[in-house]
Amino acid sequence: MSGINDFVVKFATVNGSGSASANTIFAKTLFRMGIPVSAKNIFPSNIQGLPTWYEVRVSEAGYLARREGIDIMVAMNPQSYQDDLKEIVAGGWLIYDSTLPRIWPRDDIKVLGIPIAQMCAGKWKDPRQRQLFKNMVYVGALTALLEIDMEVLKATVSDQLKGKEKLVAANMDAVALGRTYALENFECPLPIKVRTAETAKGKIMVTGNEAGGLGAVYGGATVCAWYPITPSTSLPEGFEKHAKRLRVKDGKRLYSIVQAEDELAAIGVAIGGGWNGARSFTATSGPGISLMSEFLGLAYFAEIPVVLFNIQRGGPSTGMPTRTQQSDITLCAYASHGDTKHVLLFPSNPTECFSMGADAFDLAERLQTPIMVLSDLDIGMNDWVTEPFAWDDKRVYDRGKVLDAKGLDEFKDIKGKDWGRYLDIDGDAIPFRTLPGTHPTKGAFFTRGTSHDEYARYTEDGVIHARVLDRIRRKFDTAATLVPKPEITTRDKSGKVGLIYFGATAPAVREACDYLERDGVRVNACRIKAFPFTKEVIEFCDAHETVFVVEQNRDAQMRALLMTEANIAGTKLVPALNYDGMPMTAAFVRGAVLKTLRPAQAAAE
Amino acid sequence: MSYIQKPVAHHPALPRNALGLTRRDYEGSMSTLCAGCGHDSITAAIIEACFEMDLPAHRIAKVSGIGCSSKAPTYFLSRSHGFNSVHGRMPSITTGANMANKDLVYIGVSGDGDTASIGLGQFCHAVRRRLNMTYIVMNNGCYGLTKGQFSATNDKASPSKKGEVNPFEGIDLCQMAIQLGAGFVARSFSGDKNQLIPLIKAAISYKGFAFIDVISPCVTFNNHPTSTKSYDYIRAHNMASENPLDFVESKDEITVDYAAGTSASIPMHDGSHLVLHKLGEGHDPRNSSDALMAIRKGAAKGSVVTGLLYVNEEQQDLHDILDTDARPLNTLQTPDLCPGSKALDGINARLR
C-alpha cells in the first residue's frame, strides 16, 4: 500500500504543546505540492496535557479516507508510546525524541532517534520557545526524510504566521535544525517520500465548519444565535469571521450574532428571527439537539423557517465530544414530541457544507420549516482537500411565499379565496405567510404551538387538528421534490448489489468500492444527500437485491428510516455499522461487504 | 372551544385617536380567563395605552410564553402579529424577532411561572442583552392553568387557599431586573389603571429593556384572605404614592409647573417625557441602590412599593451594542447579503 505519495504519518503529541500548528503546516505543505492529503485530528476533550494525535494520509490517487497502519510514527508523547508503537506497520519508521534514549521492543521497524529537546535547549533560552519549536524540529527532519519542497514549506509557514515575521524566521530555524540532523544522521530520503503532483491542484483545504459558516453568509443569514459546544463552535465563529469581512457597510453590520445563554435560547432566537423574516440559524451538536427539541416542534407546527447545523459527535449523552459519529439521524428526523418530521441535509465534505449550508436557507423559507444540516466532527473540524467553493452571481434567494402589503390586498382577487395563514391554496401544502409590520389591517395572525385552524385560530376541534396535521405531512411530499437528489455511482448496470451511504463516509466508500471491484465485486453506490428520500433513492433500493447501508451508529438509524419512511424491506438492507468514533476506513467498508457476499474470503483475510 | 371572536360592531360615536382608530380597533378576541382575573385589567390597560399613544397596531409585535398570562395577547391588538411560544422562552423569541427588525414595538407578556421559574435564565439574559422591549409580568403568585400550585414569586408568608404553607422565599423580579441592569423597572397593580397605563406608555417609549411587574390577583386560586397577592391585600398595602409619575406624550407640551428639586423630567427617545415627582420624600428612581432600598424597606413592612422604581436615562439597546445597520435586517435582500463569486474566488485563493 505504501510508497511514493502514498503513506500515512501520525504525530503523537501532548495537547496544548503547540503541535497543532506544526502539524497543520506539514499537511498544508504537502497539499500545496499538489498531493491530496487528509488530516485527521484525534484530540481529547481537554485543553492541556493529554495525548493527542494527528494523522496525515498522503494519497496521490486521491483516497482521502482515514487509513489504518501507520508508516511513520512521530512519537513525541511518552504517555502514549506503548500504544503508538503498536500501530506502526512492519517495515515502518518511528521518529522519537532521543534526548532520553530508549530501547523499543520491536525489531521489525526502523527507529530514528532525534535529540529534539536537547537541540532546542541549546538553541533557545526561553522555556516556552524550547517547547514550541520542538514541533518544528520534527517537521524539519521530515522535510529531509520525505524530500519535501523547502520553498513550499517556507511559503506555508509565512502564510500561517502572516504579520509575525520574527516568528517565521525562528520557525524556519527550528526546521533547519531538524533537517540538518536528519541529513547528517539518516539515509535521506526514505523509500516512501513525496513528489510534486497535479491531483490536488485547484482544490482548497478547509474545515467543514468554516465552510458551513461561510455558506450561511452566502445564504443570506442575518440572525445567528449559538451556544458553545464541541464540535460545532467553529461554525458560528466561521460565520462571524467571514461576515465581519464581507457584510459590513459604512461601518455598520448587515448581520447580527448573539452567543446565547444555552441551546434553548439559541434556537429560540433563531426561530424568532425566522418568524420575523430574517434568515436565521443556529449550530449545535448532539446534546444541543436534545435541548432544542421542544422549540423544533414549535417551528415545525407553527411553520417557521429556521436553519440548524448539527455537527454530530459521539453519543449517547455527553458521549465522546471529540470523536465523530452519525448517530443523530433518528433524533433529528423526528425531533420533538408529537408527530414531527424534519428535513435533513447530509453534506459529505466542506464544499457541500458551504453549498448545502446556503441552500438550506432557501429550503427553509420555501418550506416554512426547520432545515437541519447534518455534518459531523470529521467533516466539521478536520481540514479536507476539497473542490473550491462556487457561487452563481445570477442566483436570487428564494424567499418563499411571503405576502407584502400589495400581495395581501390583491390576494382574494388573484387566489379566489381569503388569505389564511395555514390555508393550502396552491396544492403544494405550503401556505402563505406574512411578517409583522406589513399591513395596517390585513395579515396579522397569532403564531402558536397550540392547535390551530387554517386561519391560525386556536382550536380543540379534532377534525381540524387532524386536517392541519395531514396538510403539514403533505408538505413533506413537496419537500421530497425540492431537496437534493442522491449521487449514484453505477459500476454494473445489471448488478444486484447496492450500497447506500451519506456524509463523511463518502471517501471511504469510494475507495472501498474500487478495491471491491478489483476483488471482482462490483457494487453500485447511492449517496443520500437529504431526508425526505427522493424517488431516486427508492428506485435505487428497488433495483438491487442486496443493499448495504453504511453508517456510523450502532442502531442502523438510516436503515430504519429507509424501512419506515420509504417502505424498503428490511431483509434486503444489510447494515454496515461503525461507531467507535473514528473516521470511517475503506478497509471497514470492504470487509463489511465481503463478510456478507464472500464470507469465506472475509474470514480468511 | 376556547376561542371566541368578539362582535365587530361598535357605537359610531366612539372616540377616535390620531390614526382615526377607536379603542375597539386595539382589542383582541374575547377573553377566556376567569371573570375578575387581574390579567384582563392589564389587557385593558395595554389597549388603552396603545390607543392613547396612537400606535399603529401592525407595528407592534406581541410575544408570550405559556400560561394564563401568555394567553392574554390573544385578547388585545388583533391587528398585531402575535407569537405564543413555548413555556419560559418568550425572551429568546423576542430577541430573535428584535434582531430581525428593530423598528417594531415589542410587547412581551409573561407570567410568574413563565418568568421566575422555567424562564428565569432567559429573562436574565434578555435583560443583560438590553433588548428594546416592554416586558410585562402578570404576577399572581400561582400556576393558574394547572390549578393553583405556588409559583416562585409567591411570598413565604402567603399560604395556599387550602392552607398549605409555602416553604420557600419568593423571588422579587423587580430587584433582579435592577441588579441585572434593566433600564426601566416598574411595579404596578392590575387594579390601579391610573398608575398602570402611564407606566405602560412610558415603558413602550423607553428604548431599552423596560420591565413592569404587575401584581394581578388570581381570583380562582390566590385571592383568599391569607394571600399576599389578593385584591384586598394589595389595596391595603400598596405604596402607590411612593413615586407618582406623569407620562407626557411628545405631542403634549409640558405645562404643569413643578417645584424645583422635587421633580425631574426625563426625555424618551420618541420625544415624550417622564416626569417624576416627590423625589425628596420617595426615592430617586435614577439611582439603582435607592430603588433597591425602597423595595426592601417596603417589603420589610409588608408593603408593596409600586410605581416607577428605576430608570436609567442613558441605555444602549442590543442593536447599539451589535452595531447593526440602520435598516431592519429583515429588509435586506440578495445584493446586500450575498458577497458574490468574486469575493469567493479570493477566499478560495486563500485556502489553497
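In this predicted model, 53 residues of chain B are in contact with 61 residues of chain A. On the chain B side, the elements that each supply at least two residues are strand S2 (81-84), helix H3 (90-100), helix H5 (120-128), helix H11 (334-337) and helix H12 (340-350). H3(B) gives the most, with eight residues. Sorted by class, the side of chain B that touches chain A holds 22 nonpolar, 23 polar and eight charged residues.

**Where the two chains meet**

Strand pairing links the chains as well. Strand S19 (residues 446-448) of chain A is joined to S2(B) by three bridges, and the two run parallel.

H3(B), the helix that gives the most residues to its side of the contact, lies across S8, S11 and S12 of chain A. Its direction is at about 150° to S8(A).

**Chain A as a whole**

Chain A contains 20 helices and 25 strands. Its radius of gyration is 27 Å, close to the 25 Å that the globule rule gives for 605 residues, so chain A is as compact as a globular protein of that length. Taken along the principal axes, the C-alpha atoms of chain A fill a box of roughly 85 × 65 × 40 Å.

**Two open sheets in chain A**

Let us take the six-stranded sheet to begin with. This open sheet has the order S2-S3-S1-S4-S5-S6, with mixed pairing. Strand S2 (37-42) and strand S6 (110-114) of chain A stand at its edges; each has a single partner strand, so one side of each is left without a neighbour in the sheet. From one strand to the next, the twist averages 15°.

The other sheet is also open, with seven strands in the order S11-S8-S12-S13-S15-S14-S23 and mixed pairing. Here the edges are strand S11 (256-259) and strand S23 (530-531) of chain A, and because each has a single partner strand, one side of each lacks a neighbour in the sheet.

S8, S11 and S12 of this seven-stranded sheet are the strands that H3(B) lies across. A helix of chain A also lies over part of the sheet: helix H9 (residues 263-275) lies across strand S8 (223-226), S11, strand S12 (280-284) and S13 of chain A. H9(A) runs at about 160° to S12(A).

| Strand pair | Bridges | Sense |
|---|---|---|
| S4(A) (residues 70-75) and S5(A) (residues 88-97) | five bridges | parallel |
| S13(A) (residues 306-312) and S15(A) (residues 370-376) | seven bridges | parallel |
| S19(A) (residues 446-448) and S2(B) | three bridges | parallel |

For landmarks within chain A, A:Met73 stands opposite A:Leu94 in S5(A), while A:Val306 has A:Pro370 as its bridge partner in S15(A).

**A helix pair in chain A**

Helix H3 (residues 116-123) and helix H4 (residues 127-145) of chain A have axes that come within 9 Å and cross at roughly 125°. That angle makes H3(A) oblique to H4(A). The crossing of H3(A) past H4(A) is right-handed.

Which residues in H3(A) meet H4(A)? They are A:Ile116, A:Ala117, A:Met119, A:Cys120 and A:Ala121, and the residues they meet in H4(A) are A:Arg130, A:Phe133, A:Lys134, A:Val137 and A:Tyr138.

Note on methods
Residues numbered from 1 in each chain as written. Chains lettered and ligands numbered in written order. Predicted model: local features only at pLDDT ≥ 70, side-chain atom pairs only at ≥ 80, totals over all residues. Contact = placed C-beta atoms within 7 Å. Helix = DSSP H or I, 4+ residues; strand = E, 2+ residues; numbered from the N terminus. Nonpolar A, V, L, I, M, F, W, Y, C, P; charged D, E, K, R; others polar. Pairing = 2+ DSSP bridges. Axes fitted to C-alpha atoms, helices over the stretch in contact; angles between N-to-C directions. Parallel < 35°, antiparallel > 145°, perpendicular 65-115°, else oblique. Left-handed = near helix turned anticlockwise from the far one by under 90°. Rg over C-alpha atoms; globule rule 2.2 N^0.38 Å.
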